[in-house]
Structure formats: C-alpha cells, structure tokens
Amino acid sequence: MSINNVLPSSSLDRIPTTTLNYVQAIRSAFFQALEQDESVFLMGLDIDDHLGIQGSTVGLVDEFGPGRVFTTPLSEDAMTGVAIGAAMSGMKPVHIHIRMDFLLLCMNQIVNIAAKAHYMYGGATHVPMVVRCIIGKSWGQGAQHSQALHSLFMHIPGLKVVAPSNAYDAKGLMLAAINDPNPVIFMEHRLLFNTEADVPDEPYEVEIGKSKVVRNGQDLTLVAISNMVIESLRAAELLEQEGIHITIIDPVTVSPLDMDPVITSVSQTKRLLVVDNAWLNCGASAEIIARVCESSTEALQVKRLGFSETTCPTTPSLEKAFYPNPITIAKAVIEMIDPVKAAHWQPNEKDAELVYQMKFKGPF
Amino acid sequence: MKKIEELYESLCFIRQLELKVAEVYPSDNIKSPVHLSIGQEFVSVAICDALTKDDYVAATYRGHAAYLAKGGSPEKLIAEMYGKETGCAQGRGGSMHLIEPSVNVIGTSAVVGTGIPIATGYALTQKMKKTNNVVVCFLGDGATEEGCFYESLNFAGLHKLPILFVVENNNFAIHEPIEKRWAQPDLSKRASGFEVTINQYKDGDVIELHDIAITMIEAIRNGNGPMLLEVDCYRWYQHVGPEKDFGQGYRSEAVAEKWFSRDPFVILGEKLAENKKQEIDRRVTQKVSDAFEFAEQSEFPKPSELFNYVYK
C-alpha cells in the first residue's frame with residue numbers, strides 16, 4: 001500500500017521533494033518556520049532534550065537557541081496561558097504536548113481564553129497559537145495515553161482542529177497552523193510517525209478547512225479521521241477484491257469541517273460510513289453524519305465506527321477489540337451494501353495488519 | 001502637588017463613574033453584570049500612574065478602575081457596558097471583558113485567575129523582543145488560590161520576566177472571607193520560594209503606594225526580575241451588582257466602618273485645597289456625564305454581525 005494516494009501527486013512532479021516520514025516532516029516545518037519568522041517559538045516539556053519528541057524537535061535548540069526552543073515546567077494550565085499571552089502580544093508560539101491526554105489540563109485557557117479572545121474582545125486581539133499534541137496507541141498506552149479528544153475542541157467556536165494523516169499534510173498543515181491568526185489544535189497520531197511521503201523541500205501550506213478526496217469509488221462514501229485514513233485505505237484494498245469500490249474522504253481539518261466534498265459524494269453513493277479515531281458519543285462521526293443528513297432529502301444509509309464505548313485497555317487481547325481495523329471497516333462496508341455477502345465474508349486476519357504496525361516496534 | 005492633583009483627579013473620576021454605574025444600573029440600560037471597585041480603586045490609580053504608556057496592564061472582571069487608570073476610554077467603557085457597537089469590545093464583551101490595545105490594557109477575564117498566565121505570556125514577549133516594558137498583572141486574593149498563580153510565579157521567576165503581580169486583597173471571594181480559605185493568612189509565606197520579590201502594603205495611602213510602585217517598577221525595568229505587591233483594600237459594594245450588602249450579614253459592619261472612615265479617596269483629598277477639589281469635581285462630573293451620553297446615543301451591533309470575530 002502506498003500512502004502517496006492521499007497526495008496531490010500531479011503538483012509534486014515539478015518541485016524538489018524528499019521522502020520523509022511524518023516526524024521528519026513535522027521537524028522540517030518547525031525548522032523552516034523558525035528560520036523564516038522570528039516571532040515563532042516552540043515550548044513544551046522535553047522538546048529540547050536528546051530525544052526531542054520522537055525526533056520531531058531534535059537539534060532545534062542547537063540551531064535556534066534556548067530562547068526560541070525551550071522546555072517548560074509541568075504546569076500545563078499556566079503554560080497554555082503563557083503561550084496565549086505571548087500570541088496576543090505578537091509572537092507565534094507552538095505549545096507541544098507529548099500526549100493529547102494532557103490537554104485536559106489546558107482546557108480552561110484553551111476554551112475560556114484562546115477560543116474566545118478574538119470574539120469577546122470585539123476583534124481587538126487574536127491568538128495565533130498552535131497546540132501540538134500526539135495520540136498514542138498500542139504497546140500499553142492504555143487509558144490515559146491514547147485518547148483522541150478532538151470532539152471536545154470541535155464543540156467550541158473559535159478553535160481550529162486539524163488531524164493530518166500523512167507526512168505531506170503534516171508539514172504543510174503545521175506551516176499553515178503556525179501562520180494562522182487563530183488558535184489551532186494540531187493532532188498527530190503516534191502510529192503515523194513512521195509513514196512516509198514525498199514532501200516538498202521548500203515551505204508550503206496545506207489549506208486549513210479543506211477536505212481531501214483520497215480515492216474515488218461509486219459504492220459508498222467513507223470519511224476517515226487521522227490514522228483511520230490509513231486503516232480505511234487498507235480496507236478499501238480488501239473491498240476491491242470483493243468488487244466493492246469506495247470513496248474515501250479525509251477531512252484533514254475536523255473544525256471547521258469542509259462538508260462539500262462529503263455531501264457531493266454521498267449524493268451519488270447514498271451510503272456514508274464515518275470511521276473516527278475516537279469514541280462515537282457526541283463525536284466527530286456524529287457531527288459529520290448529522291450534517292450530511294441535514295443537507296439531504298433522500299434516504300441515506302449511514303453508519304459509524306470508532307473506539308468501543310470503554311476506557312482503552314492496555315492488554316493486547318482487549319485493545320485489539322477496542323479499535324476499528326481494516327477488517328472491521330471492510331466488514332461494515334460490506335454489511336451496508338450486501339448483508340448476505342457480509343455474513344459469509346471470511347477475511348484473512350493478517351490483512352488487518354498494516355505496514356506501519358509491522359514496522360513499528362516500540363517502546364515509545 | 002501637581003502629582004497629588006493628578007492622582008486625585010484620576011481617583012475622583014473613577015469613583016464618580018462607578019457611582020454613576022450603580023445609580024444607572026436599576027434602569028436596566030447596562031446590559032452586563034458589574035463588579036464595582038468602589039473602595040479599592042486607589043490601588044489601580046496608584047500603580048498605573050507609575051507606568052509608561054507602553055507598559056501593559058492585565059486586570060480582572062473587577063477591572064473598570066485599572067482600565068481607566070491605564071488610560072482606557074471612559075466612553076468606550078460605558079458603551080461596552082451598554083452593549084453598544086462603540087464599546088471597547090464592540091458590545092461582545094461587557095463589563096468583564098474590557099480591552100484597550102491603544103493604551104496596552106490586556107483583555108480582562110471573568111474566570112478567576114485566567115489573566116495571570118496571560119499577563120506572564122505578555123512579559124515573556126517583552127523579554128523575547130528585548131523591550132523595556134513592564135507588565136502589571138492585577139489579581140484578587142481569591143485568584144492566589146488558583147494553581148495557575150503559583151505556576152505563573154514559578155515561570156516568571158525562572159525566566160526573570162518583567163512583571164509585577166499586584167494582589168488586591170479585599171479579604172473576600174464573593175462572600176467567603178480569607179479565614180475560611182487560607183491555611184496560612186500571610187500571603188508572602190505562600191508565595192515565597194519562586195524568586196519573586198514580595199512587598200505588602202496595608203495603609204490605603206495613595207501617595208505612599210504610588211511611591212512603592214515607582215520603586216518596584218523601576219527595579220523590574222532594570223532587570224531585577226518579577227515582583228509581587230500585596231495591597232490591603234476593601235470592597236464597599238456587593239461582589240456583583242450596584243448595592244451595598246452589609247445587611248446580608250456575611251461581613252461585619254464594624255470592620256466596614258473602619259474602612260469607610262479611612263477611605264483612600266478622602267485621605268488623598270485632604271492633601272488638596274477645597275477650591276481645587278471643587279474644580280476637579282466639576283471637571284470629572286462632566287466627563288462622567290459625557291461618557292454615559294456617548295453610550296446612550298450609540299447604536300447596538302446589528303444581528304447580522306453575530307458571526308463576526310469567531311475567527312480572524
């Protein structure tokens with residue numbers, strides 16, 4: 001499987017690119033942003049240590065100095081406020097959290113100040129801040145290192161929330177997020193870090209608030225978020241073997257959502273499956289389906305997949321059942337199209353294993 | 001003497017303006033909860049007068065005094081309370097969300113303590129940009145109970161940021177006195193250990209407090225790192241609203257009487273001749289009247305503008 005599927009490959013023909021993995025792409029974005037704009041700085045626990053957040057910030061302190069790349073005390077609440085205050089006073093901070101779960105300690109500042117400042121101060125100030133965070137999975141990440149909390153942030157007007165699914169989008173979105181005048185929650189998935197893509201050497205931006213049609217097929221529209229894009233692409237390959245052709249759309253930005261490509265596609269396929277890397281209750285999947293249904297007068301078939309409605313367990317036997325995978329995704333698609341066929345479909349369990357999972361060996 | 005006159009005029013203006021807010025409030029023209037600073041407005045006056053225009057001030061939801069003392073527009077303040085489009089936040093914020101970038105008033109916030117790290121972030125920017133500016137962060141005694149207060153002191157001390165934390169200690173968090181909230185009644189003991197120099201002032205003399213502020217702000221400007229100044233004061237009115245609430249029984253009238261009898265505004269006025277005070281009073285009354293007139297004549301934002309400012 002090649003994740004180059006998700007890239008606008010035609011535009012890459014003419015510009016110099018390098019094959020980078022997701023982490024290298026993020027680091028490239030940081031390097032270029034720090035180089036181009038003196039108001040950009042990075043802060044967060046451990047970003048200046050020898051490991052540099054899985055390599056994504058490694059060496060940047062040597063290049064740009066401890067005034068612009070620095071660690072913080074374990075004070076997520078105040079440090080978020082400090083980043084917001086710096087942003088309001090003319091800087092462009094990137095506040096880095098090694099796990100998204102810790103954003104729960106930042107909610108007061110993010111929700112009460114960052115999201116609202118531009119509005120409640122009548123446009124007199126704004127908050128050009130990036131909150132970068134990483135979602136974990138497997139190798140015992142468990143209850144408090146694996147949460148994807150994007151729906152909490154999607155609920156709040158004034159925040160932008162992005163979830164790049166590949167290295168190309170990761171670099172372009174990070175540069176766009178840093179230059180965006182609004183607060184942007186930047187969600188990465190740990191299991192995407194070894195995935196590779198051809199990434200332009202020069203700085204470029206991927207537009208925030210723009211969905212991408214990753215592949216086209218007439219039988220069903222599948223919207224997949226974050227690493228579920230990769231899982232769904234694998235599912236699509238399994239479905240091809242069964243003669244089923246699906247469209248996959250990566251929202252890339254989950255708030256504000258760009259629904260047009262989804263609505264257009266569903267108007268043709270009449271079937272929508274949303275695969276989220278999160279729980280379903282009040283989640284992104286519910287929101288996407290609600291918006292499609294509100295926009296249509298036709299009878300549509302809809303379904304959601306995501307985390308099981310439990311806390312994430314650490315033991316592999318239970319964790320495997322907790323997440324959607326290419327087989328459960330493909331099975332859900334077949335059930336929507338042909339329930340009889342689904343009852344007899346016998347996939348090879350090996351097909352649920354993805355390239356990145358085989359490549360990734362932990363520990364974190 | 002000129003300085004005394006200036007401080008008196010500033011204090012007199014803020015006192016009169018807030019009394020007018022209390023007077024007008026029952027008319028329901030003010031479309032915002034108001035937290036009056038009457039009785040403790042001297043803190044803002046004494047401190048802000050020691051700042052330059054380029055210095056920053058962060059204040060609280062009880063922020064009318066700091067906003068005005070730093071040079072915020074009274075017209076825009078009252079218009080904001082009236083919900084008018086000419087308000088400092090175009091009617092989107094109300095009394096608790098004042099801002100004035102032209103005189104470096106950082107936006108005030110209604111969630112207690114949230115302004116402390118924001119002000120610390122402004123101070124970080126001053127350090128990064130190598131400006132000569134100081135940030136003053138006003139907060140109340142209640143806000144010193146929030147975790148972000150200690151986190152901010154630690155970060156400011158660690159990075160030697162140019163910030164003065166001014167704790168206006170009026171003894172109450174809504175209706176709850178410090179005795180029911182603080183294990184240690186001496187704030188300096190709770191706030192020590194962060195490399196933040198701490199001073200305390202208890203006497204309500206505007207001139208003395210002004211002198212202390214000048215000394216501390218100068219020291220911060222000269223690179224001596226963050227400082228904290230705790231000022232004892234007293235809130236004459238309700239936590240929120242236009243009334244005095246001594247009849248409710250949660251605080252002692254005897255204690256209140258002590259504060260009324262040594263009102264910092266009166267003490268400062270005693271240093272001026274009666275005719276000078278009358279001249280200032282007349283000027284101030286006109287300014288207050290102009291501000292309310294401006295607010296009353298301004299328009300409300302149009303419903304079609306509801307979605308402005310969600311994103312920049």
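Reader: How many bridges join strand 7 of chain B to strand 8 of chain B, and do the two run parallel or antiparallel?

Author: A pairing is read from its bridges and its direction. In this predicted model, strand 7 and strand 8 (residues 227-232) of chain B run parallel and are joined by five bridges. Within this pair, Q200(B) has E230(B) of strand 8 as its bridge partner.

Reader: Which order do the strands of the chain B sheet follow?

Author: In chain B, six strands make up an open sheet with parallel pairing, in the order 2-1-3-4-8-7. Strand 2 and strand 7 (197-201) of chain B are the edge strands, as each pairs on one side only. From one strand to the next, the twist averages 15°.

Reader: Which strands of the sheet does helix 5 of chain B touch?

Author: Packing is described by the strands touched and by an angle between directions. Helix 5 of chain B packs on the sheet and touches strand 1 (56-60), strand 2, strand 3 (135-140) and strand 4 (163-169) of chain B. The direction of helix 5 makes about 170° with that of strand 3 of chain B.

Reader: Which elements of chain B give two or more residues to the side that touches chain A?

Author: The size of an interface is often given as the accessible area lost when the parts come together. Here the description rests on residue contacts: 30 residues of chain B are in contact with 32 residues of chain A. On the chain B side, the elements that give two or more residues are strand 2 (105-109), helix 5 (115-128) and helix 6 (147-159). Helix 5 of chain B gives the most, with nine residues.

Reader: Turning to chain A, is strand 4 mostly covered or mostly open?

Author: Burial is read residue by residue, and then face by face. Strand 4 (residues 92-97) of chain A is mostly covered, with six of its six residues buried. One side carries K92(A), V94(A) and I96(A), the other P93(A), H95(A) and H97(A), and all of these are buried.

Reader: Which strands pair with strand 4 of chain A?

Author: Strand 2 (residues 40-43) of chain A pairs with strand 4 in the parallel sense over four bridges, and F41(A) has P93(A) as its bridge partner. Strand 5 (residues 130-135) of chain A also runs parallel to strand 4 and is joined to it by four bridges. There, V94(A) stands opposite V130(A).

Key:
Residues numbered from 1 in each chain as written. Chains lettered and ligands numbered in written order. Predicted model: local features only at pLDDT ≥ 70, side-chain atom pairs only at ≥ 80, totals over all residues. Contact = placed C-beta atoms within 7 Å. Buried ≥ 20, exposed ≤ 12 C-beta atoms within 10 Å, placed from the backbone. Pairing = 2+ DSSP bridges. Axes fitted to C-alpha atoms, helices over the stretch in contact; angles between N-to-C directions.
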